[in-house]
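Hello,

Here is the structure I promised to pass on. Please open it, then read the notes below.

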2 protein chains.
Amino acid sequence: MNKIITISRQYGSGGREIGEKLAKALQIPFYDKELIAREAKESGFAKEVLENAEDRVTSSFLYSVAMGMNVYGNQEFGTPILSLDDQIYLVQTEVIQKIASEGPCVIIGRCADAILKEYTNVINFYIWASLESRIKRAINEYHLPEKKAKEAVMKIDKRRANYYHYHTNERWGKAENYHLCLQSDFLGIERTVKCMQLFMEQ
Amino acid sequence: MNKIITISRQYGSGGREIGEKLAKALQIPFYDKELIAREAKESGFAKEVLENAEDRVTSSFLYSVAMGMNVYGNQEFGTPILSLDDQIYLVQTEVIQKIASEGPCVIIGRCADAILKEYTNVINFYIWASLESRIKRAINEYHLPEKKAKEAVMKIDKRRANYYHYHTNERWGKAENYHLCLQSDFLGIERTVKCMQLFMEQ
């Protein structure tokens with residue numbers, strides 16, 4: 001199997017755990033936010049971006065325009081300025097492309113599905129769950145205070161949807177952006193992993 | 001297996017064929033637009049709606065308001081008027097509920113997923129495919145003229161999305177409205193059917 005697997009997931013859906021279990025079952029590397037950040041540091045991408053900010057900004061600016069992103073800056077005087085968020089996204093983009101070029105792996109979040117759009121060996125999954133079960137998971141697994149759990153779950157997902165839309169100009173959780181979308185609390189974690197494996201074996 | 005299966009599908013995704021094959025494999029009845037219409041005629045629902053239009057309209061009006069639908073009519077004088085489209089939808093709603101109460105089956109389209117929202121034994125699938133493959137299918141299987149195929153595919157899907165949104169106030173093709181969303185041209189028809197069966201067996 002020479003597949004790059006991306007997993008987009010609602011907060012509290014267990015998507016991260018599912019991704020870890022899938023990576024373990026397939027015996028391939030697993031990357032989440034922390035591991036991508038570490039990779040960025042180690043590979044020197046972050047350093048490069050910050051040191052050569054001007055060059056980066058120019059090409060990133062064209063890239064941003066091409067992607068239909070919002071770009072802040074003074075275009076009239078040729079000095080577009082990327083927000084810190086945009087710069088981080090750019091670093092992540094390069095890291096994710098580097099990771100994908102190294103072989104099969106599982107990547108969680110970070111718009112990896114959109115970043116690797118042109119790759120033919122990518123399978124994109126979207127994991128969601130009922131609000132009720134996400135709140136439950138947020139309390140039991142992530143130890144959120146019971147009173148604030150609902151609000152937190154909804155807020156984090158809103159942020160994820162905004163992040164995705166801002167950087168990709170696409171709608172998060174739209175079925176057509178993924179090869180397979182699954183409701184994790186319908187099947188449960190273990191069986192969701194198994195179903196994803198079966199899908200890939202088909 | 002005591003499941004009611006609903007399949008929402010993009011035009012040209014092969015969703016109807018997939019539904020037929022799934023129903024055959026599971027040895028349960030299959031209902032598409034034509035069969036639902038026949039059922040409506042035979043069960044006398046259509047007749048009833050038209051004959052008792054006034055009563056129907058009143059309860060349908062409340063139902064419509066509750067569902068957040070558009071309702072045309074003169075509310076001030078207590079004479080709300082349902083469009084023909086709304087009346088047909090209402091008949092279909094009753095027929096689909098009747099069908100679902102009779103036992104396991106596969107229902108294609110008609111907002112069946114939303115109509116049967118409160119049923120606990122329903123599994124909702126969404127089948128989509130790349131635009132390219134849908135155009136190809138429209139030409140080869142539905143014999144649409146090559147020049148008009150792309151426009152037709154997009155127009156029919158737009159109509160389906162509008163129909164769904166109008167009647168359910170929900171977004172068609174939003175992952176969270178379905179237990180499983182599949183890209184049929186990624187797996188092919190036969191393997192998509194198999195994957196759906198595997199999902200249900202999990």
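Strand β7 (residues 180-183) of chain A pairs with β7 of chain B, antiparallel, through three bridges. Strands here are DSSP runs of E with at least two residues, helices runs of H or I with at least four, both numbered from the N terminus. Two strands pair if DSSP finds at least two bridges between them. A:Leu180 has B:Leu182 as its bridge partner.

This is a predicted model: local features need pLDDT of at least 70, side-chain atom pairs count only at pLDDT 80 or more, and totals for chains, interfaces and linings use all residues. Residues are numbered from 1 along each chain as written, chains are lettered from A and ligands numbered from 1 in written order, and side-chain values use heavy atoms, without hydrogens and water.

Back to β7 of chain B. Strand β6 (residues 122-128) of chain B runs parallel to it, joined by four bridges. There, B:Ile127 stands opposite B:Leu182.

In a regular strand the side chains alternate between the two faces of the sheet. Which residues of β7 in chain B are buried on each side? B:Leu180 and B:Leu182 are on one side, B:Cys181 and B:Gln183 on the other. Buried means under 20% relative accessible area (1.4 Å probe, protein chains only); exposed is over 50%, partly exposed in between.

Now chain A as a whole. It has 10 helices and seven strands. Of its 202 residues, 51% are buried.

Best wishes
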